[in-house]
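Student: I have a structure open and want to go through it with you. Can we start with single residues and work up from there?

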Amino acid sequence: MILMPSRQAVIAAALAWRGTPYRHQASLIHVGCDCLGLVRGVWRELYGGEPEAVPGYTPDWAEARGAETLAEAAGRHMAPIAPAGAGPGDLLLFRWRDHLPAKHAAILVAPDRFIHAHDGAAVALASLSPWWRRRIAFAFQFPGVTD
């Protein structure tokens with residue numbers, strides 16, 4: 001457990017999840033996780049226990065609720081930052097369409113690369129292409145992160 005993690009500690013914790021299969025609602029390294037489970041696992045590595053219990057959720061939870069549930073939860077425990085100012089080690093939240101709440105989470109590992117879990121694939125690195133950049137809705141910094 002690291003109480004004042006560096007950006008590199010966040011990145012290293014996230015990269016350790018590479019290859020973990022996608023499993024909805026799971027958060028076990030090398031066993032299974034979804035995008036939130038990846039973030040939860042990195043949090044546990046850095047800070048110990050999770051900051052709050054995560055209720056069960058369906059794959060269409062964001063569309064069904066119509067609220068920024070994921071962003072609100074992140075904002076309770078992390079420092080909001082401007083998406084344009086996000087750097088390696090920061091959390092990005094994406095929305096699939098302009099009128100929908102953000103429901104996909106990833107961790108930036110380089111200015112143009114992020115790591116995420118997505119349905120049908122293992123946790124992997126991806127390019128922060130224009131397609132992804134257009135969909136960034138929120139960014140947050142893990143608590144106490146140092147450069």
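Student: Is threonine 20 buried or exposed?

Tutor: This is a predicted model, so keep that in mind throughout. Threonine 20 counts as buried, because its relative accessibility is 0% and the cut-off for buried is under 20%.

Student: Where does threonine 20 lie?

Tutor: In the loop between H1 and strand S1 (27-28).

Student: What does the side chain of threonine 20 reach?

Tutor: The backbone oxygen of tryptophan 17, at 2.8 Å.

Student: And which residues is threonine 20 in contact with, leaving aside neighbours within four places in sequence?

Tutor: Leu28, Ile29, His30, Val31, Gly32, Cys33, Ala122 and Val123.

Student: Now the helices. How do H1 and H2 cross?

Tutor: Their axes come within 9 Å and cross at roughly 125°. H1 and H2 are therefore oblique to each other, and the crossing is right-handed.

Student: Which residues make the contact?

Tutor: Ala9, Val10, Ala13 and Ala14 on the H1 side, with Leu38, Val42, Glu45 and Leu46 on the H2 side.

Student: On to the core. How many residues are in the largest nonpolar core?

Tutor: It has 35 residues, and those with the most contacts inside it are Val42, Leu46, Leu91, Leu93, Ile107 and Phe142. Helices H1 (7-15), H2 (35-47), H3 (61-65) and H4 (69-77) each give two or more residues to this core, as do strands S4 (91-94), S5 (104-110) and S8 (136-141).

Student: Which element gives the largest share?

Tutor: H2, with 7 residues.

Student: What else is in contact with phenylalanine 142?

Tutor: Leaving aside neighbours within four places in sequence, phenylalanine 142 is in contact with Val10, Val39, Val42, Trp43, Leu46, Tyr47, Met78, Gly89, Leu91 and Ile107.

Student: Different topic. Where does aspartate 90 lie, and is it buried or exposed?

Tutor: Aspartate 90 lies in the loop between strand S3 (79-81) and S4. Aspartate 90 is buried, because its relative accessible area is 0%.

Student: What lies 2.8 Å from a polar atom of its side chain?

Tutor: The backbone nitrogen of glycine 87.

Student: And which residues does aspartate 90 touch, not counting those up to four places away in sequence?

Tutor: Arg7, Ile81, Gly85, Ala106, Ile107, Leu108, Phe140 and Gln141.

Terms used
Residues numbered from 1 in each chain as written. Predicted model: local features only at pLDDT ≥ 70, side-chain atom pairs only at ≥ 80, totals over all residues. Heavy atoms only, no water. Core = buried A, V, L, I, M, F, W, Y, C linked by side-chain atoms within 4.5 Å. Buried < 20%, exposed > 50% of the residue type's maximum accessible area, 1.4 Å probe, protein only. Helix = DSSP H or I, 4+ residues; strand = E, 2+ residues; numbered from the N terminus. Contact = heavy atoms within 4.5 Å. Polar contact = N/O pair within 3.5 Å; in protein donor to acceptor, adjacent residues only side chain to side chain. Axes fitted to C-alpha atoms, helices over the stretch in contact; angles between N-to-C directions. Parallel < 35°, antiparallel > 145°, perpendicular 65-115°, else oblique. Left-handed = near helix turned anticlockwise from the far one by under 90°.
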